[in-house]
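My notes follow in the order in which I looked things up.

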Amino acid sequence: MATEPCAGCGRDVSIAGGIANFWSFDTDSTDGLTLELADGSEYFLCFACIEELPDNPRAEDVTALGAAEDPEDTRS
Ligand SMILES: [Zn+2]
């Protein structure tokens with residue numbers, strides 16, 4: 001069992017054996033997967049963050065995941 005930090009929320013996410021398991025849907029012990037965006041960049045995300053993303057996520061959508069934990073009044 002290994003863990004990988006989620007690119008969205010920063011939590012350590014359990015991964016069973018890399019993205020190869022994604023194709024066999026062996027997700028029993030895997031809480032996230034690597035998402036490749038349309039621009040070719042890749043982010044490892046937990047399923048909770050993936051659900052928060054729009055259908056065609058961009059890099060800024062991934063970055064916004066972590067920022068979303070801050071309240072709206074963070075104008076400094
Ligand atoms: Zn996450």
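I began with the zinc ion in this predicted model, and found that its protein donors are the SG atoms of C6, C9, C46 and C49, which lie 2.2 to 2.4 Å from the metal.

Next I looked up the geometry. Which arrangement do the four donor atoms around the zinc ion make? The angles they subtend run from 103 to 115°, and because four donors count as tetrahedral if all angles lie between 85 and 135 degrees, I noted the arrangement as tetrahedral. For reference, the ideal angle for four tetrahedral donors is 109.5 degrees.

With cysteines at the site, I also checked for disulfides, and the count comes to zero. The cut-off here is a pair of cysteine sulfur atoms within 2.5 Å.

The contacts of C6 came next. Leaving aside neighbours within four places in sequence, I listed R11, V13, F44, L45, C46 and C49 as its contacts, a list that includes the zinc donors C46 and C49.

From there I turned to the largest nonpolar core, which has 14 residues, and in which C6, L35, L45, C46, C49 and L53 touch the most other members. The elements that give two or more residues to this core are β2, β3 (32-36), β4 and α3 (59-67). Its largest share, three residues, comes from β4. I noted beside this that in soluble globular proteins nonpolar side chains tend to be buried together.

Last, I looked up T30, which is found in the loop between α1 (20-24) and β3. T30 counts as buried because its relative accessibility is 10%, under the 20% cut-off. Not counting residues up to four places away in sequence, T30 touches S14, I15, A16 and F47.

Conventions. Residues numbered from 1 in each chain as written. Predicted model: local features only at pLDDT ≥ 70, side-chain atom pairs only at ≥ 80, totals over all residues. Heavy atoms only, no water. Donors = N, O, S within 2.8 Å, 3.2 Å for Na, K, Ca; no water. Tetrahedral: all angles 85-135°; square planar, octahedral: opposite > 155°, others 65-115°. Core = buried A, V, L, I, M, F, W, Y, C linked by side-chain atoms within 4.5 Å. Buried < 20%, exposed > 50% of the residue type's maximum accessible area, 1.4 Å probe, protein only. Helix = DSSP H or I, 4+ residues; strand = E, 2+ residues; numbered from the N terminus. Contact = heavy atoms within 4.5 Å.
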